[in-house]
Amino acid sequence: ISDQKPLGCWSVKHGQILTCPVVCNFETHEYIAVHDDKVLRIWKNEDINLDKAFKATLSADVYRIHSLPQGGPVVLFRGGAVRTLDELLEAPQQEIENVISAEVIRWSGAFMEGQRPVLIFTTEKGRDFFVYVQKPKLSSLHKYKLEQQGSSKPLCFTAYITNQTVTLLCLYSNGSVYQVLIPLQQDTEEEEEEEEILSKSLLLNLSVSGSVLKGTSLVVLDKDHVAVLGSLAAPGKKPSECLTIWNTKFQTLQTSKELPLGTSGQLWCYEEKFFLIHGKVLTVIMYKCETSSLAAAVGKHKDSQTLDVSLFVNWNTLEDEELVVSFQSQESVALKAESRMNLRSRRSTVAEQSGTLSVGQRLLKLKDASTFVLETELKKLMAKAPTPDLQATIGCVVTALTDRCKRNPKYYPQILLQEIVETRNLSYSLCPDLMAVALEKKDMHLLQICLERFPDIPEEITYACLKAFLSMSDDHLQSIDVNLDSAICYVDVEFNDMEVKSEILENGFSAEMDQDMCDTKIPKESQSNGESCPVGLQKAALLNAVLHSAYTETFLLPHLKNLPARQAILFLRYLYYLYVKCSEKVNTTLPGIRSPTINQIMDWMCLLLDAQFTVMVMLPEAKDLLSSLHKFVRAQVRFYSELNKIEGSLRELQRLNHLRESQTYSIEVLEII
């Protein structure tokens, strides 16, 4: 999430439907999904085609799969039966009993009690609600009935286990949160004859300034705090969705935030971060629960509308001025700038409480300081930053510098920015405006460093860098200081004709080979493998940085389609040049530091052709280039095809070499048929 990079995507066939959330098996690092209620799929991250993944058809409909870090996956069926995944894989078609009768499961959760998993689920039948506590490995099942609450009914549930007791929290339609305590009974396989009725106690009234919060999702933050996502209808105003955090110990509203773009009604909480859909964006909000005390609750009464929220939750993810990427435009999850920066750190308010200034306060005081004072203080700040917060602090420093660059067009600390990026372990998400400022200032060296070091650069920025590099003239680039290590060892190096011909024949290509494969006459410059590089040394080094940057094809392709035709042809010529250079060597490896690999070259070549093929076919300037590329690739395919024919003989030779004693001398003649 913090790097804003999709790591994998898998699809079921047309007509199939994923019927429960996909989970990860923490023990085997596999994904587990169920489609069409009964079909179980298991695959690993490197698997591409979901249709070829492991498949098992079960005998009953699955409601939910729960995966526990130490307890393994547990499968809950719609009939209330529970099985571990290992049990199902041993016999997928085993008979699954029905535990519930005419009841519908409304919620389920899995927890660890010591070394054993405990699964809890609630069901609804008419106006009655039931709670089941099941220990799959012990075949232990206990059923309880929830005490009714007048005309209101529970909308959602959440639970946690402490000291052998299940604490079940129920959010009711009347705007109240009730608490139900369920002791974990001694393990026994005897079934209870009568269900026990659970009494509940009022934990919280969700009332804000006389208006009732109609909650849709409830999560527990710690023993004294809960978060509720819901809709608040103030008198005479249109209902608005908001996220609220409540102190259950003192019955107070700790903080709240309106969500004007609307939500899906779902709220997730993981490792002190909220995850929720706000509009079309997945928003991640950091929080940190302070120790619950009366002093912390003072001034935050549940009827107060003026809330001090700065010390409790980082709401910066919801500010309008920050950049977001919508699901519509890119079909990916995105974090806004401040959120991405703060995800790297869980800064608390300890520094403020001890009388020292926080990083944010120090940067705010330096906002209008002179250039010398600003840079001096920022260097001190980076030097003194504590290790856990070092990355976030440096990200804040870079952001402060880029903010000043945007306010003052004449200010640009080029050397300081390059030094920070080269010596610190930064990422794009920590300083999202840095590359945009570098593009504006045409700082090619800084862009090159960022492309080589940042693992999470958005495809839009990668494309902008590529376009900037291609559009700049070689004469102008010669006056710019860039790192040439990735290109200086092979660009414009002249080879002896005989050496070139010999090496290329080793790898299956020569200018005289397969002249009948293509009707188009190949230009003389393409026939000479000592052809000079189509771009200058500086531009080659910059383009190599682009080739090294991480990307997702789906998101980069739309941008490449906008690349001007002349620049696209130039880039393809350079990629073709690299391809030929790689093929000159038996190990297909270019010399130099951080030189492009054959896979990177091929991937970018295919991507560029996919994006620009129609344009290139219509341009006369690209005809000879495409013809040469076509001929070269066909020669390579033919050569490797011939190698495949003798693969068996080569393996046999390798086997004989292993069997032969190293100290004996022999001459053997192998006949390849």
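Me: What counts as a charge over a ring, and how far is the charged end of Lys143 from the ring centre of Phe130?
Reply: A charge sits over a ring if NZ of Lys or CZ of Arg is within 6 Å of the ring centre and within 35 degrees of the ring normal. This is a predicted model, in which local features need pLDDT of at least 70, side-chain atom pairs count only at pLDDT 80 or more, and totals for chains, interfaces and linings use all residues. Residues are numbered from 1 along each chain as its sequence is written, and side-chain values use heavy atoms, with hydrogens and water left out. The charged end of Lys143 sits over the ring of Phe130, and its distance from the centre is 4.6 Å.

Me: How are the planes of Phe274 and Tyr287 arranged?
Reply: Rings of Phe, Tyr and Trp (its six-membered ring) pair if their centres lie within 6.5 Å; planes under 30 degrees apart count as stacked, over 60 as edge-to-face and the rest as tilted. That rule gives 13 aromatic pairs. For Phe274 and Tyr287 the centres are 4.6 Å apart and the planes at 25°, so the pair is stacked.

Me: Is Tyr577 buried or exposed?
Reply: Buried means under 20% relative accessible area, exposed over 50%, partly exposed in between (1.4 Å probe, protein chains only). Tyr577 has 6% relative accessibility, so Tyr577 counts as buried.

Me: Which residues form one aromatic cluster with Trp10?
Reply: The cluster is an aromatic one that includes Trp10.
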